[in-house]
Amino acid sequence: MTAAVLAALAASARAVAHRLPGEVCVCGSGDAVLADRTDAAVVRHGDVVAKAHAVETDPADLAVRMDVAARMPGVLLAPSAPGAARLHGRLVTFWPHGTPVDRDVPDSAPWEATGALLARLHAAPLPRPLPPMRGPAKAARAVARLRAAGPHPAAPPVLRAWAALPSWARGEAPAPGPRALCHGDLHLGQLVRGPGGRWLLIDVDDLGAGDPAWDLARPAAWFACGLLSPGEWTRFLDAYRGAGGPAVPGNGADPWTALDIPARALTVQTAALAITKAVAADRALDEVEQALVDACARMSGVEARPPELAPDATK
């Protein structure tokens with residue numbers, strides 16, 4: 001985003017943080033740019049965060065998603081102000097600032113809280129109307145970006161793995177089976193400690209109706225690729241099941257009957273984005289990125305499920 005847009009976004013955050021006429025700012029920390037991407041920008045002032053959404057964001061869909069967040073205060077971070085403003089052609093929304101997961105202390109990752117929050121989200125009644133969950137569409141966009149980035153030696157196995165997925169996982173058809181209220185882009189960066197110190201889910205841009213297994217797919221993919229330890233995966237999955245999450249069968253049944261296809265799709269999406277970023281930076285893939293590409297290569301020839309993922313592996 002341009003400096004002018006970021007400055008205007010900061011000014012809008014200050015206006016929401018200090019709504020009373022003549023109120024003097026005593027926040028002390030000033031303005032902080034938390035994210036500055038082509039698809040979104042986030043600026044904080046005091047306890048208020050202003051987010052400029054992607055240009056293509058549908059205002060009606062965003063309004064529905066914000067209403068869902070406002071009605072689920074124990075699961076989703078509720079907005080600080082109703083509705084969305086317009087700023088330089090972007091929809092802007094306002095949210096309370098929360099404390100994110102500490103990336104420097106991986107052992108403190110709140111896997112149990114994440115699983116329980118997802119279970120509560122998935123078990124909630126579906127609001128009407130509700131737009132589709134955008135997870136498969138985001139995966140398709142990542143693959144489109146990979147193709148647009150030009151030839152790369154790691155791209156062919158990723159594209160083959162993508163082509164082998166069913167149409168619904170590529171965003172080309174509705175997902176089969178019952179729909180649930182889904183987050184659509186679940187990862188640890190989507191959690192903050194909100195008021196009262198409780199963990200809450202943030203970012204409603206992809207929220208919608210869809211296959212709830214998609215929300216478990218990124219941790220599942222990390223586990224299958226060896227990027228998430230068995231202990232962390234077990235903590236997450238057991239918490240989800242313990243809270244009554246409907247995405248996977250209970251009673252110790254094999255979760256991969258539900259998770260396999262979404263996990264493959266998220267592996268492709270993450271690998272595609274990794275290659276695209278490596279091309280843009282003119283650098284080689286790092287070890288983690290290469291592991292994702294290797295996993296895509298295995299998908300077309302062998303079972304994606306690692307040997308340790310027997311039906312009772314989470315017990």
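This is a predicted model: local features need pLDDT of at least 70, side-chain atom pairs count only at pLDDT 80 or more; totals for chains, interfaces and linings use all residues.
Residues are numbered from 1 along each chain as its sequence is written, and side-chain values use heavy atoms, without hydrogens and water.

**Overall build**
- The protein chain holds nine helices and 10 strands, taken as DSSP runs (H or I, at least four residues; E, at least two) numbered from the N terminus.
- The radius of gyration, over C-alpha atoms, is 20 Å, which agrees with the value near 20 Å for a compact globule of 315 residues; that rule is 2.2 Å times the number of residues to the power 0.38.
- The C-alpha trace spans about 65 × 45 × 40 Å along its principal axes.

**Surface**
- Of the 315 residues, 48% count as buried (under 20% relative accessible area, 1.4 Å probe, protein chains only).
- Carbon and sulfur atoms hold 57% of an accessible surface of about 14,500 Å² (Shrake-Rupley method, 1.4 Å probe).

**Second largest pocket**
- Its volume is about 270 Å³, the space filled by probe spheres set on the grid points, which are joined across faces, edges and corners.
- A pocket is an open set of points on a 1 Å grid over the protein atoms alone, where a 1.4 Å probe fits, with protein on both sides within 12 Å along at least five of seven lines.
- The lining (an atom within 4 Å of a point) has 16 residues; Pro132, Met133, Pro136, Ala173 and Ala175 lie nearest the centre.
- α4 (135-148) and β10 (208-210) each supply at least two lining residues.

Technical notes. Buried means under 20% relative accessible area, exposed over 50%, partly exposed in between (1.4 Å probe, protein chains only).
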